[in-house]
Amino acid sequence: MLVWSRRGRLAVWSLAALLIGIIFVAPLTVILVASFANQWNGALPAGFTLDHYRAAGSGASADAVFASLVTGVVSSLLALLSGTCAALALRARGEAWRRTFGVLFFIPSAVPSVSVGLGLLVAFSRRPLLLNGTTAIVILAHFVLISAFSFGNVSAGLARLSPDYEEVASSLGARPVYRLVRVTLPLIAPYLVAAFGLSFALSMGELGATVMVYPPGWVTLPVAIFGLTDRGDIFSGAALTMILVAATLTLLIGLEHVPTAASARRTA
């Protein structure tokens, strides 16, 4: 600790708790209360109801939940696959290649997501690559925006991986494919899980590019929440927001408990 006195540490912890409460806890608490509110004319709601959550289980709201989950899973798997392949390929080519071409994966992250959506909308509005008005362009937009984070996580795992394991496997006669499947990938499995979890969380909350390209039949949760709140239906938007938060946290917490070969070897 940088603060040595007990009174100083208490002051630092109190300040940190106050900031966390104001910045993170308070807004989520207000959204949670609003999701159950029947009316809110004063400082507190005038009544509570579960109708907003019941409505979220059917109709357009249920379709938005399904669209977000499918888009998040598919785009995250594609980002994980491409990021892993790119990280492995650049690692095999050497440090100079990794530094030069690895930057390309992070270019979409430096561009506003609305610009990415507009670029995809213009690029894929003509044959033979006509994706405008399809579900594929939504998944593609999410893939473009989250692929950098998958690549970065996998690259970090490979950078920390000692080459001794692979060299020993090669000396014992392991072929490249066998070495990759049975040695390299299991050892970086925690990074693969982290890459998928981060990509999924980012995809579930993506709005800027999605609102530019989504077709009428494929509305994700952030777009549905934006539409509800824009029309003044704050309480229904709050209920969908809590469903979005719950779905994302459930997957992330579940991924933390996924056993991997690397963690098993460390505890063995």
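1. A salt bridge is a side-chain nitrogen of Lys or Arg within 4 Å of a carboxyl oxygen of Asp or Glu. This predicted model holds one salt bridge. Asp51 pairs with Arg54, and their closest N and O atoms are 2.6 Å apart. That falls within the 4 Å limit. In general, side chains of opposite charge can pair when their charged atoms come close.

2. Where do Asp51 and Arg54 lie? Both are in helix H2, three residues apart, about one turn of the helix. An α-helix has 3.6 residues a turn, so residues three or four places apart point the same way. Asp51 has a relative accessible area of 44%, so Asp51 is partly exposed. Arg54 reaches 55% and therefore counts as exposed, because the cut-off for exposed is over 50%.

3. Next, the aromatic rings. The whole structure contains four aromatic pairs. One of them joins Phe36 and Tyr53. Their centres are 5.0 Å apart, with 35 degrees between the planes, and the pair is tilted. Phe36 belongs to helix H1 (residues 6-36) and Tyr53 to helix H2 (residues 51-56), so this pair ties together parts that are 17 residues apart in sequence.

4. Another pair brings Phe66 together with Trp218. The centres are 6.1 Å apart and the planes are 75 degrees apart, an edge-to-face pair. Phe66 is in helix H3, while Trp218 is in the loop between helix H10 (210-213) and helix H11 (221-230), so the pair ties together parts that are 152 residues apart in sequence. Is Trp218 buried or exposed? Trp218 is buried, with a relative accessible area of 12%.

5. Seven of its 10 residues are buried, so H11 is largely enclosed by the rest of the structure. The buried ones are Leu221, Pro222, Val223, Ala224, Ile225, Gly227 and Leu228. What covers them? The cover includes H3, H9, H10 and H12. Gly232 follows H11, and its phi is positive, near 95 degrees. Most residues other than glycine have a negative phi.

6. Thr248 sits in helix H12 (residues 234-256). Its relative accessibility is 11%, so Thr248 counts as buried. Which residues does Thr248 touch, leaving out those up to four places away in sequence? They are Phe200, Ala201 and Met204.

7. The structure has one cavity of 30 Å³ or more. About 40 Å³ of space lies in the largest cavity.

8. H3 gives the largest share, three residues. By class, two lining residues are nonpolar, six are polar and one is charged.

9. Last, check the backbone at Arg127 and Pro128. A cis peptide bond joins them, with omega about 10 degrees. Most peptide bonds are trans. Pro128 is in the loop between helix H5 (113-123) and helix H6 (135-160).

Key. Residues numbered from 1 in each chain as written. Predicted model: local features only at pLDDT ≥ 70, side-chain atom pairs only at ≥ 80, totals over all residues. Heavy atoms only, no water. 1 Å grid on protein atoms, 1.4 Å probe; cavity = no way out; pocket = protein on both sides within 12 Å on 5 of 7 lines; lining within 4 Å. Points joined across faces, edges and corners; volume = space filled by probe spheres on them. Helix = DSSP H or I, 4+ residues; strand = E, 2+ residues; numbered from the N terminus. Nonpolar A, V, L, I, M, F, W, Y, C, P; charged D, E, K, R; others polar. Buried < 20%, exposed > 50% of the residue type's maximum accessible area, 1.4 Å probe, protein only. Contact = heavy atoms within 4.5 Å. Phe/Tyr/Trp six-rings, centres within 6.5 Å; stacked < 30°, edge-to-face > 60°.
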